[in-house]
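Colleague: I would like to learn how to read charged pairs and pockets. Can we go through them one at a time?

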Amino acid sequence: MHLLRMDLEVFYKSQMREFFEVDLNMFYEVELLREVAVLAENLDRDKLVSSRFIVTRLLEGLLSEKADEDLGYFLAVTGIKRIGKGEVVHNSGDVFFPVVFNCRMFLPRKGDILEGVVDHVHRLGVFLRCGPVKYVFLSARKMPNYRYVVGEKPVFLHDDLARIEKDVVVRFEVFGVRWMRREDITKEFMMLATLQGDLLGPVTGPDGLDL
C-alpha cells in the first residue's frame, strides 16, 4: 500500500511543483467510498483478486477522475480503511468492490493566496499554471502599476521595473473560481487572479532566482 500511495503522491507532486508558500487550510482530508471495477479477465482461477490490484485500480480511477466540483482535486490516498465484498455482475462476470479510503484534497477558494508559473503573456493579461489547476487568468486590469510591453517575449513591466513574463513565478490572490465540465468529460477548475493586495506579484524570475 505504501508504494501505491507514493505513486499517486509522486504524480501530483510533479503537477504541483508550482506551489511554494501557500495556506495549508486549502488542503484537507476526507473519507470517500468508491466502487472499484475488476474485469473478469483479471480474476485468477479461483475468481479471486489481490487487494493490491484493487487499490491500484482505485488509484487509476482517481487519476482519471482528477477532481470533483464539491471536493476539489484528488491529491493522495493516505489510507485504505476497508475493502468490502465484491459483487459479481452476472452478464459479464466483472466484480465491483466497495472501497472506503482517506484522500488528501485541494480545493481552491476565493481569497486564497497561491503561487503559479506564467504560461502565456497576452496584452489582456497572463495565463498561469498552479499545481493541478491549468487555467489561471490574471487580467491586466488586476495588475496595478503594470504596463504591457510588446515584443518577441512580451512582458508586463511594473513602475519599479519588476517583470511578469513567461516562466516567472507569481504570487496572487484568488478572486474567482469556476468549475468547468466539457462534453469530452474534461473536468477542471478555472481561477481568476488579482495582484491587488499586499506582497503580491513576481517572486522569482524566469531563471528561477528569487527577486
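Modeller: Start with one pair. Glu65 and Arg34 join their side chains in a salt bridge, 3.2 Å from N to O. A salt bridge here is a side-chain nitrogen of Lys or Arg within 4 Å of a carboxyl oxygen of Asp or Glu. This is a predicted model, in which local features need pLDDT of at least 70, side-chain atom pairs count only at pLDDT 80 or more, and totals for chains, interfaces and linings use all residues. Residues are numbered from 1 along each chain as its sequence is written, and side-chain values use heavy atoms, with hydrogens and water left out.

Colleague: Which parts of the chain does the pair link?

Modeller: Distant ones: Glu65 is in helix 2 (residues 51–65), Arg34 in strand 1 (residues 27–38), and they are 31 residues apart. Helices (H or I, at least four residues) and strands (E, at least two) are DSSP runs, numbered from the N terminus.

Colleague: How many salt bridges does the structure hold?

Modeller: Nine. The general idea is that side chains of opposite charge can pair when their charged atoms come close. Another case is Glu60 with Arg57, at 3.4 Å from N to O.

Colleague: What separates Glu60 and Arg57 along helix 2?

Modeller: About one helical turn, because they are three residues apart in helix 2. Glu60 is partly exposed at 44% relative accessible area. Arg57 is partly exposed at 27%.

Colleague: Where does Asp119 find its partner Arg129?

Modeller: First, the contact: Asp119 and Arg129 form a salt bridge, with their closest N and O atoms 3.4 Å apart. Asp119 lies in strand 6 (residues 113–122) and Arg129 in strand 7 (residues 125–130), so the bridge ties together parts ten residues apart in sequence. Asp119 is partly exposed at 35%, as is Arg129 at 23%. Through shared partners, salt bridges join Asp119, Arg129 and Lys166 into one network.

Colleague: Now pockets. How much space lies in the largest pocket?

Modeller: On a 1 Å grid over the protein atoms alone, a pocket is an open set of points with protein on both sides within 12 Å along at least five of seven lines. Volume is the space filled by probe spheres set on the points, which are joined across faces, edges and corners. The largest pocket has about 160 Å³. Ten residues line it, and Lys153, Pro154, Glu165, Lys166 and Asp167 are the closest to its centre. Lining residues have an atom within 4 Å of a point.

Terms used
1 Å grid on protein atoms, 1.4 Å probe; cavity = no way out; pocket = protein on both sides within 12 Å on 5 of 7 lines; lining within 4 Å. Buried < 20%, exposed > 50% of the residue type's maximum accessible area, 1.4 Å probe, protein only.
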